[in-house]
Amino acid sequence: MSDILLTTTVGSFGKPDYLQKARNANARGKLSDTELTELERKATEEWIRRQESIDLDILVDGEMYRGDMVAYFAERLDGFKIGGLVRSYGNRYYHKPIIASKVSRPKPMTVDWFRWTQSITDRPVKGMLTGPYTMLDWSYNEAYRTRRDAALALAEVVRQEAEDLERAGAKYIQIDEPAIHARPEEIDIAIEAMGVVTQNLKAKTISHICYGDFAAIYPQVLKLPVDQLDLAMHNYEYRWLKLFDKDPFTKELAIGVVDVHSHRLESVDEAADGIRRGLKYVSADKLLPHPDCGLKTRTVEESLDKCRVVVEAAKKVRAEVGKKVPA
Ligand SMILES: [Zn+2]
């Protein structure tokens, strides 16, 4: 593994047809939980082998066992009820969780999956959690007096999960906050809540911030207590980098250098150009190229093609950076 321009992905990959069918059958009571878990493991292992074969550096389990990134946790925490169907972005409908009473975590929610996935590969696998602010923003709060109170209560259960992941050996823990710019006036709540989550962690901490108005929360978001921010950039023509001219970026940057919402496959040179743009603001040991988020909406072949371009581009730019090392 190189120690500069490490490549990775945001977190989720597409589920194979057999797993989608199995999930539906399980929901109808036609397939046991044990049988479903076996198929989830099979699908996870397939994605691990694919990531290894194209030489990504930091792997993900692909989230074969998760549906919605908030509901997955809401279903496993005490205090939540699952509400009726609501429409979110695009044409996606989901059951919006309700925080109905005091939230607590009866047992770890992702640790067994992390441990199993890490056991089948020598490469580091990221622990993946949804952040407290996003859990709050994508739920109804009927239990806590203020949104800040609810966010801090959620932060406590996410902290417990993150610390368990670290104890299980996670070197990277990603705590996603795709909703952080939904209400820019609440950024201080998101920052305070993340501080609860990461206060005791020694693992590298990452937060993925999704499509949306990143400018509305910059530079305040630099106060988010994580080591690395993970951003889609290619889809935005790298416009967020311009913000760094005025207020220098102070964290590690996981930078999206191919557009996952386009079927067009970028060339290695185009992705390499994206990495070079990032290098104007962040040094090579703190810049991690990846595809923009949303790989789970792509076919296996498209996902692999996009990842392969990123890996090849990183290798190309690593060689250039190597040559520039001062004598
Ligand atoms: Zn995203």
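Q: How many helices and strands are in the chain?
A: The chain has ten helices and nine strands. Keep in mind that this is a predicted model.

Q: Why does a radius of gyration of 19 Å agree with a compact globule?
A: Because a compact globule of 327 residues would have a radius of gyration near 20 Å, and the chain has 19 Å. Along the principal axes, the C-alpha atoms fill a box of roughly 60 × 45 × 40 Å.

Q: What share of the residues is buried?
A: Of the 327 residues, 54% count as buried.

Q: Which residues have the most contacts inside the largest nonpolar core?
A: They are I173, F214, V221, M233 and L253, in a core of 96 residues. Helix 6, residues 147–167, gives the most to this core, with nine residues.

Q: What is V221 in contact with, leaving aside neighbours within four places in sequence?
A: V221 is in contact with I180, I187, I209, F214, L229 and K251.

Q: And the second core, which residues does that include?
A: That one is separate and has six residues, among them I58, Y172, I206 and L288.

Q: Changing topic: how many positive and negative side chains are there?
A: There are 49 positive and 51 negative ones. The centres of the two sets lie 1 Å apart.

Notes. Residues are numbered from 1 along each chain as its sequence is written. This is a predicted model: local features need pLDDT of at least 70, side-chain atom pairs count only at pLDDT 80 or more; totals for chains, interfaces and linings use all residues. Side-chain values use heavy atoms; hydrogens and water are left out. Helices (H or I, at least four residues) and strands (E, at least two) are DSSP runs, numbered from the N terminus. The radius of gyration is taken over C-alpha atoms; the globule rule is 2.2 Å times the number of residues to the power 0.38. Buried means under 20% relative accessible area, exposed over 50%, partly exposed in between (1.4 Å probe, protein chains only). Lys and Arg count as positive and Asp and Glu as negative; His and the chain ends are not counted. The place of a charge is taken as NZ of Lys, CZ of Arg, CG of Asp or CD of Glu. A nonpolar core is a set of buried Ala, Val, Leu, Ile, Met, Phe, Trp, Tyr and Cys residues joined through side-chain atoms within 4.5 Å. Contact means heavy atoms within 4.5 Å.
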